[in-house]
Amino acid sequence: MNRIAGFTLRSLWLWLILSLPVIASTRVDNPFVGAQGYIDPDYVENVNRSIAQSDTATAEHMRVVANTPTAVWLDSIAAIDGSNGRRSTLEQHLVNATKQAQGNEPVLITVVIYNLPDRDCSAKASNGTLNGLAGLKIYREDFIDRIASLFSDNRFSDLRIVTILEPDSLPNLVTNKSVADCQSAFENGIYTGGIGYALNRFSDIGNVYSYLDIGHSGWLGWDDNRTRTVDLYVDVIKSSGSLHNVHGVATNTSGYSPVEELLLPDADLMIQDLPIKSADFYQYNGMFDERDYANTLKTEFTAAGMPDQFGVLIDTSRNGWGGKNRPTKAKRKASINNYVNAARIDRRPARQNWCNQNGAGVGARPTPNPFNDGTIHAFVWIKPPGESDGTSDSTQTHADAEGKRFDSDCDPQGTTHSGNPTGAIGNAPAAGRWFHQHFDMLVRNAHPPLIK
Ligand code: BGC
């Protein structure tokens, strides 16, 4: 009896020990492969509002968008609980996601974690509601801990949960420390501390895959910016306890940079003895597009010690640039600027422009492993197309209840710090609110087309 009991106990231990590594390694290399994306009913509701105001042909294109997976943004503590009656709670989203499962394919839900204290330190449109070190404590306990506890609920263990962490925060520490709010966020360790904490909390949950937002090619593409970026990111990831706590990085969140500048494949092409990257539009930044940026990041992060399966996501929700102004072939022109300006797909006045851009279109549909290269894990729609980047109402100088206010980069008549037109369209509501005119334009300029 004893022997049998001893044997049973030993085999139980053996079973436990053998099964531990299995539990720890349930994460797949690329979570997007073999999964179906979550359709957010709140987003569908917004698109339906636009459909109701549109002609039949446009409405048909909008319906394709409504059937496309988009990310859920947790941009405040209230967003966990559903706010202003317009959002499902996080729990409802997760329950909905489990209900969308068909057959054996797991459902993948992408959740943007966007609530660091002193958020968006170099702009005004989306500052949020938490501040300083007191805010960091609230961020950890009332935001991240609550999210982690929902993510780890057994009811949701069959989901693949992808998190995109804190758009623009670490990129601002790389290039914008001259802005007082960014400098103090850096000195107080608010961004790095908040992100390190979140990574650590999520790392224990076997079906959560964390990706750090990493700006876009037109922001951090320069060699010196990238070097500082990789150093900073690796430090933050290490501070979370393990380099395995992130699955990769996400580029172009809410951005407009194309996946590929197809007519400008070589940044070092010489015209009149100068490389075309010296054009005003590129300012000697050789990373013309997200694909180049992603490939370079993969090489540099793995060289810095990140695991081989480290991958990159690209937000393609609004970087399509279709429509009548899309160039179809490069033409030899007398000057570099003329050559570049005629051939580039990105029609913004400047690559720094970020607010409700005119002429933009919905980009490639979410696609797992789009180049079959193990580098770009997926095209994802992180910014839900049709949600505003910021209000164009210049009288909104004080933050509203969600911490949103006017930024001059959203003024359709204004110019940015670099002296270029903002490229923004007018009548825009606060960041995150539904913006029918922008949505209508994005749908009309979709590339590839929404319906072939
Ligand atoms: C806003 C968020 C919103 C997100 C997605 C951000 O700019 O601040 O409130 O959820 O965009 O639209």
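User: At what angle do helix α2 and helix α3 pack, and how are the two oriented to each other?
Analyst: In this predicted model, where local features need pLDDT of at least 70, side-chain atom pairs count only at pLDDT 80 or more and totals for chains, interfaces and linings use all residues, helix α2 (residues 41–51) and helix α3 (residues 56–66) have axes 9 Å apart. Residues are numbered from 1 along each chain as its sequence is written, and side-chain values use heavy atoms, leaving out hydrogens and water. Helices are DSSP runs of H or I with at least four residues, and axes are lines fitted to C-alpha atoms over the stretch in contact, with angles from 0 to 180 degrees between N-to-C directions. The packing angle is about 175 degrees, which makes α2 and α3 roughly antiparallel (over 145 degrees).

User: Which cysteine is joined to C121 by a disulfide?
Analyst: A disulfide is a pair of cysteine sulfur atoms within 2.5 Å, and here the S to S distance is 2.1 Å. C121 sits in the loop between β3 (107–113) and α6 (132–151), and its partner, in helix α8 (residues 180–187), is 61 residues apart from it. That partner is C182.

User: Is C182 buried or exposed?
Analyst: Buried means under 20% relative accessible area, exposed over 50% and partly exposed in between, with a 1.4 Å probe and protein chains only. The relative accessible area of C182 is 0%, so C182 is buried.

Notes. Parallel < 35°, antiparallel > 145°, perpendicular 65-115°, else oblique.
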